[in-house]
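Hi everyone, thanks for coming. Let me walk you through a structure that may be new to you.

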Amino acid sequence: LPPRPRERSMRILIVTDAWEPQVNGVVRTLQATIAELRAQGHVVGVISPDLFRSIPCPTYGEIRLAFAGKHAVARRIRAFAPEAIHISTEGPLGLAARRWCIDTGFPFTTAYHTRFPEYVAARIPVSPQFVWRFIRWFHRPAQHIMVATRSLKRELAEQGLGQTMMWERGVDHALFHPGCPPHPDFAGLARPIQLYVGRVAVEKNIEAFLETRHPGTKVIVGDGPALDELRARFPDACFLGKLGGERLAGAYAGADVFVFPSRTDTFGLVVIEALSCGTPVAAYPVPGPADIVTDDAGALDTNLDRAIALALTRDPGRAAALGRRYSWPNCTRQFLRALTFVPAESAPSPATVSARLA
């Protein structure tokens, strides 16, 4: 067969309020997607907080809120001369870019990365319905809203936002695989080792994991505002701080089960990284884990102790096989497809979603 013709290169501008030096799923997804796009010959520009004066976001100091009005953002958009604009976040930069696109009639895409209604409600006393009003207003003009799971497609459709397209997540399989040497600190720990990786903050519900009673050792990898409090309250847990590269891969591969206690994440990039290392996953049966974890690669249960016990009986080989389904090249293909403004994908039926979450 003749070689597949190379797709035409595009000038793609990504506007994001979440960027380096933050370490989270949004930033890692953008970094990996941009690297894939550039490797394919596309020209990618980024408008991010590091280009402007900024202040820490209240209750989430790692996020910088840029002092950037619509005119400053507009100058950068015009200077780059994009063929496509993707607005990744609903912060000050996203708002300014959205205003420019609407004022000029330039079509754009957005992404729903964070379950903002639940995220905000976990931090300040405000009704999730009030936050949904903002979400609907922000995303309604977008040609497509990129989402990571079918559950999110259904959730946004119920809010009147039906123009969704899938944009899943990927794994660096050269780094995250079952053959990774275990993290050296695991050598003296009581088994089974139960691992959490991610930001240490209230919305991640880590306390629910640390309160489980399954024997063995609980290990927390990550940093965040709740770290000191949890260290003091749970002295028997092992807190390794922030890890990356081979040491992070070794933590995944060396654990007996990966525990994902969050109820508010839209996907959970750490879940597929753990699976790729052959580590079964225990989680609640909520959107995100319920879209990823199969019965042979982990366990979902409303009782986290029970989920951990069941996940420990699962086959690591099946977990690794499930993790191998996710790749950054496939993620990037989905991203590019959403930029072409093909008809939006239909959301799954309520019966399909209910069956998956049961």
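**Cores and rings**

Of the 358 residues in the protein chain, 54% count as buried, where buried means under 20% relative accessible area, exposed over 50% and partly exposed in between, using a 1.4 Å probe and protein chains only. Please keep in mind that this is a predicted model, where local features need pLDDT of at least 70, side-chain atom pairs count only at pLDDT 80 or more, and totals for chains, interfaces and linings use all residues. Residues are numbered from 1 along each chain as its sequence is written, and side-chain values use heavy atoms, leaving out hydrogens and water.

Let's start inside. The largest nonpolar core has 60 residues; such a core is a set of buried Ala, Val, Leu, Ile, Met, Phe, Trp, Tyr and Cys residues joined through side-chain atoms within 4.5 Å. Leu195, Val221, Tyr252 and Phe258 have the most contacts inside it. Apart from that core lies another, of 31 residues, with Phe80 and Phe138 among them.

Now the rings. The structure holds eight aromatic pairs: rings of Phe, Tyr and Trp (its six-membered ring) pair if their centres lie within 6.5 Å, with planes under 30 degrees apart counting as stacked, over 60 as edge-to-face and the rest as tilted. Phenylalanine 134 and phenylalanine 138 have ring centres 6.0 Å apart and planes at 45°, so this pair is tilted. Which of these two is buried? Phenylalanine 138 is, at 0% relative accessibility, while phenylalanine 134 is partly exposed at 32%. Phenylalanine 176 and tyrosine 252 form an edge-to-face pair, because their planes are at 70°, with centres 5.6 Å apart.
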